[in-house]
Amino acid sequence: MSIQENLLGLVKEIPRACKLIVVSKTQPLEKIREAYDAGHRDFGENRVQEMTPKYEVLPKNISWHLIGHLQTNKVKYIAPFVSLIHSVDSPKLLVEINKQASKIPRIIPCLLQIHIAGEETKFGFSEQEVLELVHSTSLEGLQNIAIKGLMGMATFTDNKEQVRREFRNLKTLFEKLKKQVLPESVKMQELSMGMSGDFIIALEEGSTMIRVGTAIFGQRKHP
Ligand SMILES: *Cc1c(COP(=O)(O)O)cnc(C)c1O
C-alpha cells in the first residue's frame, strides 16, 4: 500500500471533528512530501534536531507538532514556528516556552502531557500535579503560552481493556478540568490520544487528535 492509500483509508475511519497528526519522525523528506501532496498539513516530530531542518526546507503552510519529550535548552529552536507542543511535562518547561515565546513575541499553544500508562518510564504530570498547576498562581505571569488541552500515551500492550481504561481516565480528567474555573490561558479544547496501535480505541474514548506514523508510512527502521 502507498502512503496515499494508507492516508485515504485512515481518514475514512476518523470523524471530522478529530484531527490527524501525521507522525513523520525518522521519515525522509520525499515521504513527507507524499503525505503533503495528498493534502495533509499537520505533521508530528519527536525531536527538535529533526523537526527544525524539516521545517526549513518543507512548505511553510505545514503545521509542526512537537510530540516528544522537550528539553528546556532546545525550546528556542522551535519557538518561532512550532504550531502545538503536545508534550509539556513540567512547570519548568512551561516557563521556558513562555520565555522564548515572549522574545518573538508570539503565543505558543501547548498541551499538558499526563502520565496515564502503568509504565514507569513515560513522562508527564500526574492528575494531582496538573490540578495543582492549573490552580496555582504560577500560570499568571505566563502570558505567551496558551494551554489548549491534554495529551497522553497509553501503555504499550495488547491488553485492549487496559488501554481503554487509561484513555478513559484521561478523558475523565479532561472533562473534570473543563468544568472548573480555569485561568484565561487554559482552555480544555484538545485531547491528544491515540497512535497506530490504539487510535480506534482512543477515538471511541473521545480523542480530538490522533498521532499516527506507522499506519501511514509502515514500520520505522529506528523506532
Ligand atoms: C512515534 C510516536 C507516535 C506515533 O506512533 P506510531 O505507532 O508510529 O503511530 C505518536 N505519539 C508519540 C508521542 C510518538 O513518539
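**Note on the predicted model**

1. Strand β1 (residues 19–23) and strand β8 run parallel and are joined by four bridges. Strands here are DSSP runs of E with at least two residues, helices are runs of H or I with at least four residues, and both are numbered from the N terminus. Two strands count as paired if DSSP finds at least two bridges between them. Within this pairing, Leu20 stands opposite Ile210, and Ile21 has Arg211 as its bridge partner.

2. This is a predicted model, in which local features need pLDDT of at least 70 and side-chain atom pairs count only at pLDDT 80 or more, while totals for chains, interfaces and linings use all residues. Residues are numbered from 1 along each chain as its sequence is written, and side-chain values use heavy atoms, with hydrogens and water left out.

3. Strand β1 also pairs with strand β2 (residues 42–45), in the parallel sense, over two bridges. In that pairing Val22 stands opposite Phe43. Four of the five residues of β1 are buried, so the rest of the structure largely encloses this strand. Buried means under 20% relative accessible area, exposed means over 50%, and partly exposed lies in between (1.4 Å probe, protein chains only).

4. Strand β8 (residues 209–212) is covered on both faces. Met209 and Arg211 are buried on one side, and Ile210 and Val212 are buried on the other.

5. Ile78 belongs to helix α4 (residues 75–78). Its relative accessible area is 0%, so Ile78 is buried. Apart from neighbours within four places in sequence, Ile78 is in contact with Val48, Met51, Thr52, Leu66, Leu70, Ile85 and Arg106; contact means heavy atoms within 4.5 Å. Leu58 is 20 residues from Ile78 along the chain, and their C-alpha atoms are separated by 15 Å.

6. As a whole, the protein has nine helices and eight strands. Its radius of gyration is 17 Å, which agrees with the value near 17 Å for a compact globule of 223 residues. That radius is taken over C-alpha atoms, and the globule rule is 2.2 Å times the number of residues to the power 0.38. The C-alpha atoms fill a box of roughly 50 × 40 × 30 Å along the principal axes.

7. Of the 223 residues, 49% are buried. Among contacts between residues at least 6 apart in sequence, 59% join residues at least 24 apart.
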